[in-house]
Amino acid sequence: QVQLVESGGGLVQPGGSLRLSCALSGTTFTAFRFYIMGWYRQAPGKQRELVATITGGDRTNYADPVKGRFTISRENAKKTVALQMNSLKPEDTAVYYCKANLGTIESWGQGTQVIVSS
């Protein structure tokens, strides 16, 4: 079972930027390339939703609300995945979770809070 640790959340004003990071342990960097990594978020009173995913070959997928504002990236040698969030809006406020998928096996991080408010 791999472990995921997110960091980088915080309070930011509308229009600002934040960069989230997720570090994976419990596997090798060679095996990490086979993981599909993703960021999800859950706002108060709402279901958890997809933000973005990235494959080992850097194929990306974004939810419509974040397209053009967020960028997901990964460094396979370091076993990390990042989410660069620009032009943040109050509706981006949520707990952001990192997820690792290897086949049918899912692993989640503990989440990091992002608050967008003036």
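Author: Ile 54 stands opposite Thr 60 in β6. Strands here are DSSP runs of E with at least two residues, numbered from the N terminus. The model is predicted, so local features need pLDDT of at least 70 and side-chain atom pairs pLDDT 80 or more, while totals for chains, interfaces and linings use all residues. Residues are numbered from 1 along each chain as its sequence is written, and side-chain values use heavy atoms, without hydrogens or water.

Reader: How many bridges join β5 to β6?

Author: Three, and the two strands run antiparallel. Strands pair if DSSP finds at least two bridges between them. β5 and β6 form a hairpin with five residues between them, and Asp 58 in the turn has a positive phi of about 70°.

Reader: And what about β4 and β5?

Author: Those are antiparallel too, joined by five bridges. Gly 38 has Thr 53 in β5 as its bridge partner.

Reader: New topic. Which cysteines does a disulfide join?

Author: Cys 22 and Cys 98, with S to S at 2.1 Å; the rule is a pair of cysteine sulfur atoms within 2.5 Å. Cys 22 lies in β3 and Cys 98 in β9, 76 residues apart.

Reader: Why is the disulfide left-handed?

Author: Because the torsion about the S-S bond of Cys 22 and Cys 98 is about -85°.

Reader: Are Cys 22 and Cys 98 buried or exposed?

Author: Both are buried, meaning under 20% relative accessible area, where exposed is over 50% and partly exposed is in between (1.4 Å probe, protein chains only).

Methods: Helix = DSSP H or I, 4+ residues; strand = E, 2+ residues; numbered from the N terminus.
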